[in-house]
Amino acid sequence: MDKTDFNVKDMICGVSDIPLNDVGIKQAKELAEKIYEYGDVDVIIASPMIRAQMTANAVSERINVPIFTDNRLTEWNYGSYEGASLRRISASKENLAAKCVAVGSRFSNLRTEYILLLTA
């Protein structure tokens with residue numbers, strides 16, 4: 001989901017706060033319909049990133065539930081790799097995380113934030 005122009009260009013998005021493109025907006029609306037059909041959703045908890053907010057808003061408008069924004073869901077910070085082409089950094093995406101640990105967010109910090117969010 002979250003189709004942006006960065007995704008189309010195979011660029012690292014991370015904390016670069018860019019909106020959904022037209023395809024992403026369409027995908028968010030399709031997701032909203034699927035969630036509407038599924039039912040049983042009381043609340044949406046979303047990242048403050050604009051692309052996540054756009055997706056959450058599409059769903060919220062369709063199913064009429066509130067959105068709570070939580071900064072702990074902010075994307076990983078890839079540091080100097082933000083906006084870089086994946087091809088420039090690594091021939092395989094499996095190696096990307098290992099290369100980015102030195103310049104951006106740490107796995108352990110993200111893990112702790114998500115555990116705290118889920119247990120709150």
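1. The model is a predicted one, in which local features need pLDDT of at least 70 and side-chain atom pairs count only at pLDDT 80 or more, while totals for chains, interfaces and linings use all residues. Residues are numbered from 1 along each chain as its sequence is written, and side-chain values use heavy atoms, with hydrogens and water left out.

2. Glu 82 sits in the loop between strand 2 and helix 4 (86-89), where helices (H or I, at least four residues) and strands (E, at least two) are DSSP runs numbered from the N terminus. Glu 82 is buried yet has no salt bridge, and Arg 51, the nearest side chain of opposite charge, is 6.6 Å away. Here buried means under 20% relative accessible area, exposed over 50%, and partly exposed in between, with a 1.4 Å probe and protein chains only; a salt bridge requires a side-chain nitrogen of Lys or Arg within 4 Å of a carboxyl oxygen of Asp or Glu. For charge, Lys and Arg count as positive and Asp and Glu as negative, whereas His and the chain ends are not counted.

3. Which side chain makes a polar contact with the side chain of Glu 82? That of Ser 16 does, at 2.7 Å, and a polar atom of the Glu 82 side chain also lies 3.0 Å from the backbone nitrogen of Val 15. A polar contact is a pair of N or O atoms within 3.5 Å; within protein, one must be able to donate a hydrogen and the other to accept it, and residues adjacent in sequence count only if both atoms are side-chain atoms.

4. Beyond its neighbours within four places in sequence, Glu 82 is in contact (heavy atoms within 4.5 Å) with residues including Cys 13, Gly 14 and Trp 76. Trp 76 is likewise found in the loop between strand 2 and helix 4, and it counts as buried because its relative accessibility is 10%. Although Trp 76 and Val 15 are 61 residues apart in sequence, their C-alpha atoms are 6.4 Å apart in space.

5. Two backbone angles deserve a check. Asp 40, in the loop between helix 2 (22-38) and strand 1, has a positive phi of about 60° although it is not a glycine, and its relative accessibility of 70% is why it counts as exposed. Asn 64, in the loop between helix 3 (50-63) and strand 2 (67-69), also has a positive phi, near 60°, and is exposed, with a relative accessible area of 69%.
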